[in-house]
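I'm opening my notebook on this one.

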Amino acid sequence: MTVTIENPPVNVLDAALMTDLRNFLIKVRDDDATRVVVFESGSPDFFIAHVDMALIDDPHAFDEIARDVPAGLNVFQALGELVRELPQVTIVKLAGVARGGGAEFIAACDMAFGAIGRAGLGQVEALMGIVPSGGAMQYLSTRMSRGRILEIILGGGVFSAEEAAAYGWINRALPATELDDFVDTLARHIAALPAGVAQAAKRVLPPPDLGAGFVREQAEWSRLFAEPAAEALIRGGLARGAQTVDGERRLEEILRSISP
């Protein structure tokens with residue numbers, strides 16, 4: 001099964017997209033006929049740009065979703081855990097940029113493959129005066145060293161497909177012309193395995209318990225989000241074009257230019 005993410009213009013992770021993703025994940029986990037889920041984007045430039053920065057003016061946007069979230073998790077962490085705990089194999093076909101919550105969604109999936117020259121991954125939260133709150137550091141801690149995680153989080157930049165593959169963030173970088181065929185072939189091969197094999201492999205490699213890390217992550221995010229610097233950076237970013245196609249292409253430059 002292929003899921004195409006479309007939330008124009010840049011696929012921000014807002015309450016509507018979050019609700020659609022949650023509803024799909026909850027429904028598909030009980031679908032025994034689906035063995036592999038491939039996530040791709042309908043945008044040529046962005047997978048999921050990041051969490052909707054307009055949250056600064058609508059802090060209750062996710063309240064309805066939050067009512068169904070397990071204790072100890074925020075809504076963004078809960079989305080990642082729904083992905084991680086799916087019995088199906090999840091694969092990301094990355095042909096655009098994913099920052100913030102978009103990069104966290106990818107890290108929660110089982111596998112990801114990026115198009116050389118087109119794909120990019122980044123955690124931009126530090127440039128907004130906050131830390132990631134959707135599981136970034138927890139998920140990356142299972143894939144790479146502490147030093148590399150801090151480089152990603154505190155550097156705030158976008159990593160190319162080749163760099164992300166070298167760090168273990170994604171499985172591999174592929175020529176853009178080969179990405180579709182490679183992922184589609186891999187997905188078909190996995191789906192054609194005898195019933196139960198893929199699920200058994202995922203049970204043998206259980207997802208680590210990241211609960212304590214999620215609690216620390218939320219506490220630090222909440223503390224920083226309440227600081228004046230975060231509000232100034234987020235509002236300044238929106239005023240300068242963040243969440244528009246052109247603004248997202250220059251997002252790091254925009255945020256670095258703002259003096260909180």
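Which residue does R250 form a salt bridge with, and how far apart are the closest N and O atoms? I found that the partner is D246, with the closest N and O atoms 3.4 Å apart.

Ground rules before I go on. I'm looking at a predicted model, where local features need pLDDT of at least 70 and side-chain atom pairs count only at pLDDT 80 or more, while totals for chains, interfaces and linings use all residues. Residues are numbered from 1 along each chain as its sequence is written, and side-chain values use heavy atoms, with hydrogens and water left out.

**Entry: back to the first pair.** I looked up exposure (buried is under 20% relative accessible area, exposed is over 50%, partly exposed is in between, with a 1.4 Å probe and protein chains only). R250 is partly exposed at 31%, and D246 is partly exposed at 45%.

**Entry: the whole search.** I searched the entire structure and got twelve salt bridges. One of them joins the side chains of K93 and E40, at 3.3 Å from N to O. K93 sits in strand β3 (residues 89-94) and E40 in strand β2 (residues 36-41), so this pair ties together parts 53 residues apart in sequence. Helices (H or I, at least four residues) and strands (E, at least two) are DSSP runs, numbered from the N terminus. K93 is buried, at 8% relative accessible area.

**Entry: another pair.** I also noted R235 and D57, whose side chains meet in a salt bridge at 2.6 Å, N to O. R235 is in helix α11 (residues 228-239) and D57 is in the loop between β2 and α2 (63-66), 178 residues apart. R235 is partly exposed at 33%, whereas D57 is exposed at 54%.

**Entry: a sheet.** I then turned to an open sheet of three strands, ordered β4-β6-β7 with mixed pairing. Two strands count as paired if DSSP finds at least two bridges between them. Which strands stand at the edges? They are β4 (97-99) and β7 (158-160), each with a single partner strand, so one side of each has no neighbour in the sheet. Strand β6 (residues 120-122) runs antiparallel to β7, and three bridges join them. I checked L121 too: its bridge partner in β7 is F159.

Note on methods: A salt bridge is a side-chain nitrogen of Lys or Arg within 4 Å of a carboxyl oxygen of Asp or Glu.
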